Amino acid sequence: MNDLISREERAGLLAAATPAELLPLAERLLQSGELGEPTVLHRPEVGMVMLTVREPVAEERFHLGEVLVTSCTVEVAGAAGWCMRGGDDRVAALAAALLDAAAEAGLPSAGDVHALCAAVAERRAREDAAEWAEVSMTRVAFEELT
């Protein structure tokens, strides 16, 4: 089941999921006992990370500024789960780390985690398309004069 999406993609999608998308699944897995006794390796902590971006024309990297994030690491069934989310929601970071660990461990619920990630990817694609539709009307087309 882990071959559906890469770990990096899963981490990004779990980080982009809303608390309303994450918490019900994490709570259900905890209550079902499927996660066993998860171990919190690094409790959810709020901190700052440097946001590095690449300028699109010269392709040079530069530091845009610092961003508030919450990170967490857990272990479930011998597999580590990790999450870093923007903002200061410790509960959502813990839930995302638990879901990442469940998927990494290959538990039966890994399919539910992948389904959640697919739903988040679809939601993000719709949001991106709506944003592009809104700004595309302002696009300027330049012609080269020779």
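This is a predicted model: local features need pLDDT of at least 70, side-chain atom pairs count only at pLDDT 80 or more; totals for chains, interfaces and linings use all residues.
In which hand does α2 cross α3, left-handed or right-handed?

1. The crossing of α2 over α3 is left-handed. Helix α2 covers residues 19-32 and helix α3 covers residues 90-104. Two packed helices are described by the angle between their axes and the distance between the axes. For α2 and α3 the angle is about 55 degrees, and the axes lie 9 Å apart. The two helices α2 and α3 are therefore oblique to each other.

2. Which residues of α2 and α3 meet? From α2 come Pro19, Leu22, Leu23, Leu25, Ala26, Leu29 and Leu30. From α3 come Val91, Ala92, Ala95, Ala96, Leu98 and Leu99. Sorted by class, the contact of α2 with α3 holds 13 nonpolar residues, with no polar and no charged ones.

3. Helix α3 also packs against helix α1, which spans residues 7-16. Here the angle is about 155 degrees, and the axes are 10 Å apart. An angle over 145 degrees counts as roughly antiparallel, so α1 is roughly antiparallel to α3. The crossing of α1 and α3 is right-handed.

4. On the α1 side of that contact are Arg7, Arg10 and Leu14. They meet Ala96, Leu99, Asp100, Ala103 and Glu104 in α3. The classes in the contact of α1 with α3 are 4 nonpolar, no polar and 4 charged. Ala96 and Leu99 of α3 are named in the contact with α2 and again in the contact with α1.

5. Side chains of opposite charge can pair when their charged atoms come close. The count in this model is 8 salt bridges. One of them joins the side chains of Arg10 and Asp100, at 2.8 Å from N to O. This pair links distant parts of the chain, since Arg10 is in helix α1 and Asp100 is in helix α3, 90 residues apart.

6. How do the axes of α2 and helix α4 cross? They cross at roughly 175 degrees and come within 11 Å. Helix α4 runs over residues 110-135. At that angle α2 is roughly antiparallel to α4. Glu21, Leu22, Leu25 and Arg28 in α2 meet Asp112, Val113, Leu116, Val120 and Arg123 in α4. The contact of α2 with α4 divides into 5 nonpolar, no polar and 4 charged residues. Leu22 and Leu25 of α2 belong to this contact and also to the contact with α3.

7. Next comes the sheet. Strands of a sheet pair through backbone hydrogen bonds, either parallel or antiparallel. In this model an open sheet of 3 strands has the order β1-β2-β3, and its pairing is antiparallel. Strands β1 and β3 (79-86) stand at the edges with a single partner strand each, so one side of each has no neighbour in the sheet. On average, neighbouring strands of this sheet are turned by 25 degrees against each other, direction ignored.

8. Strand β1 (residues 39-54) and strand β2 (residues 61-76) pair over 13 bridges in the antiparallel sense. Among the bridge partners, Val53 goes with Phe62 of β2, Met50 with Glu66, and Val49 with Val67. The two strands β1 and β2 form a hairpin with 6 residues between them. In that turn, Glu59 has a positive phi of about 55 degrees.

9. Strands β2 and β3 are joined by 8 bridges, again in the antiparallel sense. In this pairing Val74 stands opposite Gly81 of β3. The hairpin of β2 and β3 has 2 residues between the strands. Ala77 in this turn has a positive phi of about 50 degrees.

Key
Residues are numbered from 1 along each chain as its sequence is written. Side-chain values use heavy atoms; hydrogens and water are left out. Axes are lines fitted to C-alpha atoms, for helices over the stretch in contact, and angles run from 0 to 180 degrees between N-to-C directions. Helices (H or I, at least four residues) and strands (E, at least two) are DSSP runs, numbered from the N terminus. Angles under 35 degrees count as roughly parallel, over 145 as roughly antiparallel, 65 to 115 as roughly perpendicular and the rest as oblique. A crossing is left-handed if the near helix is turned anticlockwise from the far one by less than a right angle, and right-handed if clockwise. Contact means heavy atoms within 4.5 Å. Ala, Val, Leu, Ile, Met, Phe, Trp, Tyr, Cys and Pro count as nonpolar, Asp, Glu, Lys and Arg as charged, and the others, Gly among them, as polar. Two strands pair if DSSP finds at least two bridges between them. A salt bridge is a side-chain nitrogen of Lys or Arg within 4 Å of a carboxyl oxygen of Asp or Glu.
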